[in-house]
Amino acid sequence: MPAITTAKWLARHLAQAIADEAAAPHSTPLAQAKLFQLLVDGGYSELEIGEMFGEGPEAVCHRLGLLALIPEGQGLADRRVLPVDLGYYIGCLSPENQQLMISRWRTGGFSSAGHAERYACALIRDESSATRGAATT
């Protein structure tokens, strides 16, 4: 069976140039996310982007997740105040819970980024449960 490939709308050398720009030391996680989104729109997978960027697909996925943050969260990510992995989890939440998490993070309401990630994951589970429960009634 032949391998499945996706159509690439962006030439490989241009995609690599974009990935190189994302890997530059001055590039913030949010800037990287925006550059990665160009590559996704150009037909590249997270795995392919990761290979060009020099990271695994999870790093690419977590940066792309920053694009789902509310503006305040994106600003914190852009200033490197909000860690990428935490930003990814917060971006999975509703805007209201994103605001809650970001406010608590800004004011030192968590003992560590890991603590905040665990709290965000619990909120994600709660939101998922609430959504599933609403769908069955």
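Are α6 and α7 roughly parallel or roughly antiparallel to each other? The views below start from the whole chain and come back to that pair. This is a predicted model, where local features need pLDDT of at least 70, side-chain atom pairs count only at pLDDT 80 or more, and totals for chains, interfaces and linings use all residues. Residues are numbered from 1 along each chain as its sequence is written, and side-chain values use heavy atoms, with hydrogens and water left out.

**View 1. The whole chain has eight helices and zero strands.** From the N terminus on, the order reads α-α-α-α-α-α-α-α. Helices here are DSSP runs (H or I, at least four residues) and strands are E runs (at least two), numbered from the N terminus. The C-alpha trace spans about 45 × 40 × 20 Å along its principal axes. Of the 137 residues, 38% count as buried; buried means under 20% relative accessible area, exposed over 50%, and partly exposed in between (1.4 Å probe, protein chains only). Take the contacts with a separation of 6 or more: 54% of them come from residues 24 or more positions apart. A contact means heavy atoms within 4.5 Å.

**View 2. Helix α6 (residues 84-91) packs on helix α7 (residues 95-106).** Their axes come within 9 Å and cross at roughly 150 degrees. Axes are lines fitted to C-alpha atoms, for helices over the stretch in contact, and angles run from 0 to 180 degrees between N-to-C directions. So α6 and α7 are roughly antiparallel to each other, given these cut-offs: under 35 degrees is roughly parallel, over 145 roughly antiparallel, 65 to 115 roughly perpendicular, and the rest oblique. From α6 come Leu 86, Ile 90 and Gly 91, and from α7 come Gln 98, Met 101, Ile 102 and Trp 105. Sorted by class, that contact has five nonpolar, two polar and no charged residues. For the classes, Ala, Val, Leu, Ile, Met, Phe, Trp, Tyr, Cys and Pro are nonpolar, Asp, Glu, Lys and Arg are charged, and the others, Gly among them, are polar.

**View 3. Helix α2 (residues 29-41) meets helix α4 (residues 57-65) at an angle of about 105 degrees.** The axes are 8 Å apart, and the angle makes α2 roughly perpendicular to α4. On the α2 side you'll find Pro 29, Gln 32, Ala 33, Phe 36, Gln 37 and Val 40, against Val 60, Arg 63 and Leu 64 in α4. The class count is six nonpolar, two polar and one charged. Within α4, the buried residues are Ala 59, Val 60, His 62, Arg 63, Leu 64 and Gly 65, and their cover includes α2, α3 (46-53) and α6.

**View 4. Zoom in on Gln 32, which lies in helix α2.** Gln 32 is buried, with a relative accessible area of 7%. Its side chain makes a 2.5 Å polar contact with the side chain of Arg 63. A polar contact is a pair of N or O atoms within 3.5 Å; within protein, one must be able to donate a hydrogen and the other to accept it, and residues adjacent in sequence count only if both atoms are side-chain atoms. A polar atom of the Gln 32 side chain also lies 2.8 Å from the backbone oxygen of Ala 22.

**View 5. Glu 72 sits in helix α5 (residues 71-78).** Glu 72 is partly exposed, at 29% relative accessible area. Leaving aside neighbours within four places in sequence, Glu 72 is in contact with Gln 99, Ile 102 and Arg 106.
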